[in-house]
Amino acid sequence: MGRITVFSIDGCSHCRQLKAALTARNIPYSDINISHYPQKRADMLALTDRHTVPQVFFNERYIGGADETIQLLNEWDEELKGGSVTARDRYVDTIESDPGPFDVKLSLPTGPPAIQYMNLTVNRPKEITEVNGKHFTTLQLTKELMRKMPRGDLSTFGTVYYNSFKGSEALHSKLRSLKVTALMETFDLKSRDEAVQLGMKLQRKHFIEHASKGDHAFGDNNFYFRLYPFHTPHVLNSLRDWKHPSNDEPINVIFLLSKLWGNLESRHLTPEGLVNHATLRNDDFYWKFEDDSCELQKISMKDMDANTKTAFVINVYNLMIKYAFVKMGVPTSDASRYYFYDKVCVNIGGAVFSLNDLEHGILRANARAPYRLTKQFTIVDSRKNFSLNKTDSRIHFALNCGAKSCPSVKRYSVEALDEELRLSAMAFCEQDDNVSVDDANNLLGLSKIFYWYMSDFASSKQELPSKIVPYLRGEKKKKLEELIQKGRVSITFLEYDWSADGCNQFQFSKSYLRSFAPELYRF
């Protein structure tokens, strides 16, 4: 019996859209996930001469990637419009009814997937807090407090304290008509003294923080306090204070978080294969991700070797971008992107890093970001000790800042990092949207990535072509080598598509760095 075969990887938006297009037409397919079965990558390359995914076969007929396959499916829809025959019927008649495929390279993988060999601890430690005879996990208690504690923007001496409350306001609410309750109502406490004792306990356990830099104790007073999740809203993984040491390998922690996020995305796909941000934020699994991501607070990069740190930070960066787009919104202008990548942060091992810190400070060996005059970490910044000693230019084929023109998101391991970066470089450069060679006009078209980070690839613009040749294969490589030999290469940099995949997104605003977006935490 014939079938459709799809070569794919985890986290690939193009793979997701292709599969959604088939599913919407009730057309089955067999998935060969080369993230789980990396040995099948060689078969895909031998069959297609392509590194990119998805790659699609109708039996042994090679169709192409997502664009080519979706275009074909749309042609089917147009041809069958108004009739009783469906795209599913066309599939049965022209594909399923035929024998095959017989090529062994299209055979489905057997045996356990490679991902099963990771030592991932599924059950994370859970701290139980007892309140008036009831027991809460940290996540349960945090959510309960976020739902019912009063909060507002309070000011004193010209300073505004966002999402704060006075100690006296937390004890007993006077705003019953607004359904704003506080400690006494929430936990059925009998007196203000009981509420004070509970508030002090919550402060010791870091559910409540003093709003300013002081160390005032919680009480029946006019000092300002905040719930922990509202204390540093610019830090993504700050729902809670993670108290337990992390016992897993750092790379396994980020793999587990990536897997959780991937499962979350798969639950909120539209028929077009886009992730619905609005419904995702309301999923209980989103809260689990918010909670579990706080484990990064206990991951130390101090003793990581270069390979471990590179793989770990690439994976963290790519995951945090997705998380930030859902939690903080999507930047849609040059100005908003400036604040987004420079101010949205993640807590790793107790140190707070912006997205730019991860990329330019650590991975690029403390280099200047594009259009900046100074290095990412100053000479007195202790975080410079986490910087790599040198830049591997191939990281630019691995980092995805959320734009459509960015490289595809893949998972990077410590053991196979060099090969994985090589394959990512080849996959990126084989796409004409990123590297194109017009030999008739002596023109080399390059992604803006090569312009922004030219110093990472070459010492000059003239040297760029020769530095790109090793990432090319076949006819494209041959054409560029001939142009270089002739000394007639003109370089143009291609437009960068900053638009993001997904739907029901909201726009990022720098105001969300101090006070959460209204779309978030709607109770």
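Me: Is Asp292 buried or exposed in this predicted model?
Reply: The relative accessible area of Asp292 is 9%. The cut-off for buried is under 20%. Asp292 is therefore buried.

Me: Which class does Lys288 fall in?
Reply: Lys288 has 32% relative accessibility. Buried needs under 20%, and exposed needs over 50%. Lys288 lies in between, so the class is partly exposed.

Me: How many residues apart are Glu290 and Lys327?
Reply: The side chains of Glu290 and Lys327 meet in a salt bridge at 3.0 Å, N to O. This pair links distant parts of the chain, with Glu290 in helix H11 and Lys327 in helix H12. Both residues are buried. They are 37 residues apart.

Me: Where does Arg364 lie, the partner of Asp456 in a salt bridge?
Reply: The side chains of Asp456 and Arg364 meet at 2.7 Å, N to O. Asp456 is in helix H17, 92 residues from Arg364. Arg364 lies in the loop between helix H14 and helix H15.

Me: Is Arg364 buried or exposed?
Reply: Arg364 has 4% relative accessibility. Buried means under 20%. So Arg364 counts as buried.

Methods:
Residues are numbered from 1 along each chain as its sequence is written. This is a predicted model: local features need pLDDT of at least 70, side-chain atom pairs count only at pLDDT 80 or more; totals for chains, interfaces and linings use all residues. Side-chain values use heavy atoms; hydrogens and water are left out. Buried means under 20% relative accessible area, exposed over 50%, partly exposed in between (1.4 Å probe, protein chains only). A salt bridge is a side-chain nitrogen of Lys or Arg within 4 Å of a carboxyl oxygen of Asp or Glu. Helices (H or I, at least four residues) and strands (E, at least two) are DSSP runs, numbered from the N terminus.
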